[in-house]
Each structure stands twice: as C-alpha cells, then as structure tokens.
Amino acid sequence: MDRDSVQAPAIPGMEGPYDASRVETHWYDRWEDAGLFAPSDDTDREPFVIAIPPPNITGALHNGHVMFVAYQDLMIRWHRMRGRAALWIPGTDHAAIATQAVIERELRREGTSRHEIGRDEFERRFWQWRDTFGSRITQQLRRLGTSADWTRERFTMDEQLSRAVREAFVRLYEKGLVYRGEYLVNWCCEDRSAISDLEVEHETLDGHLWHIRYPLKDGGHIVVATTRPETMLGDTAVAVHPDDERYRDLVGGTAVVPGIGREIPVIADPEVDREFGTGAVKITPGHDPNDWRMGQRHGLPVVSILNDDGSLNDAAGQWAGMDRFDGRRAYVAYLEAEGLLERVEPHTHSLGHCQRDGSVVEPRISEQWFVNTRPLADRAAQAVHDGTLRFYPQRAAAEFLRWMEMIQPWCISRQLWLGHRIPVWYCRACGETMVARTDPDCCSACGSEDLTQDPDVLDTWFSSGLWPFSTLGWPDETPDFQRFYPTDVLETGSDIIFFWVARMVMLGLELTDRLPFHTVYLHGMARHADGSKVEKSNYQPGDDPAEIIEPYGADAFRFMIVTSTSEGADLRINLKRIEASAHFANKLWNGAKFVIGAMERADDETEAMAAPTIVDDWITAQFAALHADVVRLVESFQFGEAGRRLHEFLWSEFFDWYVEAAKIRLYSGAAGEARRAAATLAHVLEGSLRLLHPFMPSLTEEIWHHFRDAGGAPDAPEWLMATPIAEPPLSGDAEAVGQVRDLIAIVQGIRNARHESNVEPGRMIEARIILNGAAEFIERERAFVERLARVEPLSFHPHGTQFDDPAVTVRTAGVEVNLPLAGMIDLAVEHERLAREREERLADLKRAETLLSNEAFTQRAPAKVVDNERQKAAAARSALDQIEERLQALPPRS
RNA sequence: GGGCGCGUAGCUCAGCUGGUCAGAGCGCGCGGUUCACAUCCGCGAGGCCAUAGGUUCGAGUCCUAUCGCGCCCA
C-alpha cells in the first residue's frame, strides 16, 4: 500500500500505472501538430490510400464505428511505417434521407415543419446540423487515434464533391446509363419518397389470405385469393394459368371490380401459380411487381390507387381519402356485405418495410430516375473474376458476384429536400428536358427562360459511390487524384457491401475507368452482450465509445477489437476483454519501465559489453520469429493473429522469462554482463514497440519517447509513428532456442513439483540435475534455474547417477531433476504422482507404438512425422524406466 | 423459396493451405508484499472440438446428412 517504499529507480514521467487517457490525448495533438498524418511528399514512396467510410452526420459515432477505425488505422499506420506514402482521407456523409428525417423530427418538436419553414430555411438548418454533428464525429475519431489527414477532410455535400456528383450524373445520362421513366418503385409513405430495392427490408409476418368472389359480367364469379384486398380497387385483370382446366372456359371473359364497376379481362398467363390459393389471381399492375410485369406482357392499363402519403386516391371511388389500412378494412367489410367474401384464412407472407422508419413499403407507380446498372455490374463482376478485385473474407466475393448477376435498375431519385439536387431542368414553354453541368439560364430548344429544376434529389449512395475519387478532386486531374487514385484498400462493415462497395466499384470503373481500390476488407458487426447489433436504430446505454475509452483507453478498445475476432466475424463488445487489453497496456508500460531502468542502471561503459548468452540469443531469435510472423500476418490481413502473437510474445516470453532471467546479470553480474542484458532488453523493446504501434499507437508512442530519453534507438526518428518497420531479420539461433526451451521446461517442472509438495514459494531447496548426454548449457546457465526455480544448492550429475534418499523427481527436457525434500515429502503424494505420470507415459507410448506398427502410416506419412513419433516413443520408454526406478527407490507405503 | 455463416473449456472467443492445436482472456481452485507491474507473480483443474456417416496412414481442420442458432437475398 505504501507505494513510495518501492525501491525501483523511478523513471521520471513513468510513475504509477499506465494512464491511457492522459497519454492518448497528449500524443494525438503532437502528431497532428508535427504534420505526421499527411502522406509523405517523397514521390519515390508508393502511396497507400484508404478512403474512410464517411459516417452519416445523423448523430454521433457508436461502438460499431470504432471497428473501422481500429482496422483502418492499423493498416494506415502499418504501411506508413513500412515506407509507403500513407493517406487516410477522412470525411462525413450527408445521408440524405436519414438526416432529413432527424431534422424533421427536430422541427416537429419545435412545432413546425419543413413545409412551413421552406426549402431555404431547411437548408440552413441542415448546415447547422452538419456543423454540430460533423465536428462531433471528427472529435470522436481523433480521440480514437485516427491518423487521417484532416487537411483533406471532405463532406459529400462540399462544393467540389457536389460538382463531382453532377458530372457523374451528366456523364451517365449522356451515355444513356441514366434515364427517367415511369415504373413501379418501392414507395415509403412516411418519407413520401421512392426508395431503392436495397432500402426495403423484408420481414415474414403472420397475415391473412382473403378469398374473394370476383363477379363476372355474365353472371357467376371466379374466386381469387389475395393478401392485400384493397388493391382490388386497382385491378385491371384476373389471371389464371393457361393449362388450368378449372378456368379454361372463363379465359377471355370479363370480370367487374366490386364497388368500382370497372370491367376487366380474364387472361391466361403461365406465370400464374396454380397451387396458390384458388389458382386464379387478381392483377394489379400499379401495386405489385409481378403484376406489373404481367401487365406489360398483356398490355394492361395501370391504375394507381395511392396518394404519396399512402391514402387512397380518387381511383378508389367511395373509399378515396381513407388511409390504406383503414381502406382495407372498409373494403373488406363492403365485400362481405355484398356476399363476395368467401373466407379468410391465416397466412404468413413476406412484407417489405422501409429501412429507415419501418413503415410498410408500397409498390407504387411513379416517374423516377434510374441507373441502368446492368453494363456496370458486368464490368464489376469481371474485375472479381480477373482477380483484380479481392475480398477479405473471400466468401464476400461470391456474395458480391451473385448480387451483380441479379442486379436490377437502381432508382436514384428521392422525393426529398436534403441531398444533391438532380441536375435536370424542364422548359415550361416547350417541355424540353435539359441535363446540364451548369445551371441553364434559358431553354436550349426554344430559348424560354421559364425553366424549372427537377425537384428531386439523388439517393445518398450515389454521392458515396463516388467517394474514393470525388474526395481526391475528380473530375479534375488534380495532383492528389493523379498520385493517390486508385486507392488501395476499402475497409468497411459487411452490411454495406451492396449499398456502398458495389456502387463504388461500378461507378469507379465507369467514370474513372479504373477500380477505385484493389482490396475490400469487410469486418463484422459490433454486437451487444445479448447479441443484438450495435446500430443507431438500436442505440443502447453503453454504445457511446467514450464510456469505454475513458476508463480503458482507445488503445485497449482497439486492441480488443482487433484481437477478439477472426476475419469478418461479428464482434461482441465484451468489457472483460477490453479490460484484459487495458491490462496488457499496463503490462507493457511496466515492462518498459523496467527495461528503461535497466538501461540506466547498466549505463557503465568502463567495461566492455559481454558476449550474448544463449538466453540473449534465444530472445533475439524469438523476436526475429515474431517480427517475421507479424509482417506476414498483417500483410495477409490476419490482424487478429498478428495482435495475439504480439501479446503472447511480449507477455509470455519477453516479460515472464527473458526479463526475469536478465535480472541475474543486471543485479549481480559484472558491468559488461549487465550491459549486454540491457542491450538485449532494449533491442527487443524497441522492435516490439515498432510492431505494436499500429495496434496501440498512443501507448507505444509514449513509451518510445521515454525509451529514447534513456538513450534508446539514438539513430531512429523522434516519433515512433514515423519510424520504419524493417523487413524481418534472418531467423535466429535455433540451437539457443531449443536450449532455453529446455531450461524453461526444467524450471517449470521444479516449480510444479514444489507446489505439489507444498514447499513455501519463497523457500530455497536443493536440486540435483542428472544430465543425459550433452547438456553443458544447463550448467553454464545454472543461475537461470537457480533463480527462477528458487533452488540452492544446485548440483549436476552424470547419467545413471542414483540417489537413495527420499526425493521428488521430475523428468523433463531430457534430464532428471532430483529434489531431496527431506522431511517435506509426503510419500503417498509422491507415489500417486509417479503412478499418474506412469499412466500418462504409458498412454503416450501406446499411441506412438500403435501408429508406428501401422505400415500404412510408416510408408505414407512424411518421414518427418514418422520420425517424430519414433522420438516420442523413445522418450516415453526412457521416462518409464526412470519412473520405475523411482517407484522402487521410494520406501514402501504405509 | 435461394444463399451464407456459426455451433471448440463455466463465459467470450482464437485455431491460416489436414500430422506438438486441443489454445487465449475472463472466471474458478491452491499459494504468493522477490528490488517493472497485485491492472501483478507461481502452480493447477475444466473440452469424446453440436450429432451421424464418409474421404485419408492421419480430421475441430476436407465431404455429405441431421439438429440448433444467426444473417443475407427473393
């Protein structure tokens, strides 16, 4: 409790436990002031570019967004340190429909509406909103350590990006890829706007199937089944299957729409499902996609019965003006009163809902702008087939291709106020349509100045689809565009692969003639502890990143994200794991404190630095292996494995073993020995900081500066962030690695035996090691065993030496360790222990012998594998011999 | 209806191209104020890798089917 009594030399500025929040805010500002987020000017450096998935300005960032920061900042920092001119372009998205909805909600609270305040005032409100939330989002991103180049920050509604949108629209129009037409679209009655197919969410619901007697003009009726009876008001035919015997005679007849009196034909069409309902169906081309296609084939008229707010229009006769749901009830009641309702049965069916507000989407006929995606999709698919566009996880490529194959025209006009206005003008005088890059003053056909601009705006994804190039200056050939386009990796959530990724690929190929990026990395969804998705519409307490960052730190949060999942898998936000990451940060902090202290303690140049020991060679080799692994893993997008590898190395090898072993030379060795240990400590810490920096940037940067203050890495750059990560070193000393692995096994064996024999942890005990062949290194590194296993005296004996006194024996690493725990041995316990070990060894032997006696195995398996089994068998046999000896040497029980 | 993913220690999850992969963190048990760290250290218990077949000398790791969970598309 009295921390002041700790005798370790205090490192100024490193007192106490790691304080993430102080460190993280400190370094972020320094990095930015030093201009480190901008890409290198050195044109010899190959660029590495990521365009941020621009967050919607509808609100603040939640924990789900932290995922993209974790992965993208990792990649950007990694490649920056690998020598690339790294550019991360930040920005935000206006999110037309979503942002309009939240602003309208705010207006409603104020007792007004957008219609009341008008378009200009609405626009003012929008920019006000954008300033508030846009800056809040960028503040959040900064707090997370986002090393993006803020001097290149963009917003989809910026003047330049808006110009790109207009250019894109005009070009596509000129090539006939954008067109206007009256089609059946998904209509959201809440937004009073068309929405795209992707914005419709299908949900399976329990509903009803109404069987209705459709009156025939010549008397009698034909029974049809429908889930939406009110749409009968818009029927223009009744259809049956051409081969359906039941209705053959009725085809060509005439039915009459009840309550309306419209006469409609009975037609035959092979698309009718004879199994559904009665086999006869009503046809409503104005409100059903299948019926629409059938209507096209048969030249049926289209009747629309809905107003834009979902109420029934004049075509609905006496039901006009009613809400669609009330209209359904009223019309069904009418049918029933007329004796036309045969029966109603329960029925589950799939119903489309608006992604934004959840209201039931109505197919509705209207005039909209579309992108003919077919040719664009073919090119996008080709890029995947070519291998020029790669996906992580790979399965996303198949998903992408399937969607591209089935792609439908993309409805891009929205009946909203917020967004990029469609650059189309109509002449009121002559009806001319003008699609123009600059606002026209007069009609290009008749010269009239009586022009009106299309009132609609574009789907927000149209502008986001240009993001990787519009942010770099396109359509102009700016220096940035020339140097940084195409970008490299597109990293985002797997939920917007079609909304966003697919559109960028299609539009990028069409407009820039290049893929906007070569690699797509998709992360999974952030989930709450209960498994529900973290998203704006499901915002829960605790979803605010600040609630995690403040207590644990952004580094810890990010490290947890990266190391807790595999590629593309969903991530449950788990505070326990974040806490563990924070503990890891603290561990590194304390470990670094020790290394820096060691460097200062060993700063005595009066004696030449001693040669490395095998323990030095071991950790150097282990670090080299780590370095190679991390480079390989990160550069093959296996970030989680890379992070876990760093964690494992630092904690379980460097701190648990090397640091403990280094203390021998630091505290009691000669100055030259201490220098060598300190140098090795410094070498490993330095390299580890570099490798870990992209995962935990602030922590490592902080340590780096203390490290350099103590004389570490004198030739390296001032900033860790700007320090290179070199190519992996050549592999290290394999012999030393094996030898130290044996030393560790011996220590672990002794510790285990001590614990089982209830030896007090602090007590020194005698140990005798019976060597088996060439193992001088154990004698040479005897201090390793003495200190870490707490044994004294430690003696060495040739193979075959027998001790008769009561002792606990441990066989490991090819040696036998004899612990004469006089007076401390519980013979029963030791008996049991040996018997248990004999069982285990017998099992090992049996397994190996069974394998080896199988000729198929010895002949077909690789020699290495077979040899390995032979060694296992030999080791087991020799151990069994020793166990037998010990058992016999033990005094009889009882 | 079509497609995809997941089911591994009590919990949350790793296990890349089949042969030391049966692992980590947390939790749990026992024991620790040793000079970086109690946000710590040491030792340990816990899993027939959903089920049933198959391929193979050898399968959490590949194939098929089944059960359970989740998602996407129509």
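**View 1. Ile769 stands opposite Val817 of strand E29 in this predicted model.** The two strands shown, E26 (residues 765–770) and E29 (residues 815–819), pair in the antiparallel sense, with three bridges between them. Helix H26 (residues 863–889) packs on the sheet and touches E28 and E29. The direction of H26 makes about 175 degrees with that of E28.

**View 2. The open sheet containing E26 and E29 has four strands, in the order E27-E26-E29-E28.** Pairing in this sheet is mixed. Strands E27 (791–797) and E28 (808–812) stand at the edges; each has a single partner strand, so one side of each lacks a neighbour in the sheet. From one strand to the next, the twist averages 20 degrees.

View 3. E10 pairs with E11 (residues 263–268) in the antiparallel sense over three bridges. Within E11, Glu263 stands opposite Val256.

**View 4. Arg665 lies in helix H18 (residues 639–668).** Arg665 counts as buried because its relative accessibility is 10%, and the cut-off for buried is under 20%. The side chains of Arg665 and Asp616 are joined by a polar contact of 2.7 Å. Leaving aside neighbours within four places in sequence, the residues in contact with Arg665 are Thr613, Asp616, Tyr658, Ala670, Glu673, Ala674, Arg676 and Ala677.

Terms used. Residues are numbered from 1 along each chain as its sequence is written. Chains are lettered from A and ligands numbered from 1 in the order in which they are written. This is a predicted model: local features need pLDDT of at least 70, side-chain atom pairs count only at pLDDT 80 or more; totals for chains, interfaces and linings use all residues. Side-chain values use heavy atoms; hydrogens and water are left out. Buried means under 20% relative accessible area, exposed over 50%, partly exposed in between (1.4 Å probe, protein chains only). A polar contact is a pair of N or O atoms within 3.5 Å; within protein, one must be able to donate a hydrogen and the other to accept it, and residues adjacent in sequence count only if both atoms are side-chain atoms. Contact means heavy atoms within 4.5 Å. Two strands pair if DSSP finds at least two bridges between them. Axes are lines fitted to C-alpha atoms, for helices over the stretch in contact, and angles run from 0 to 180 degrees between N-to-C directions.
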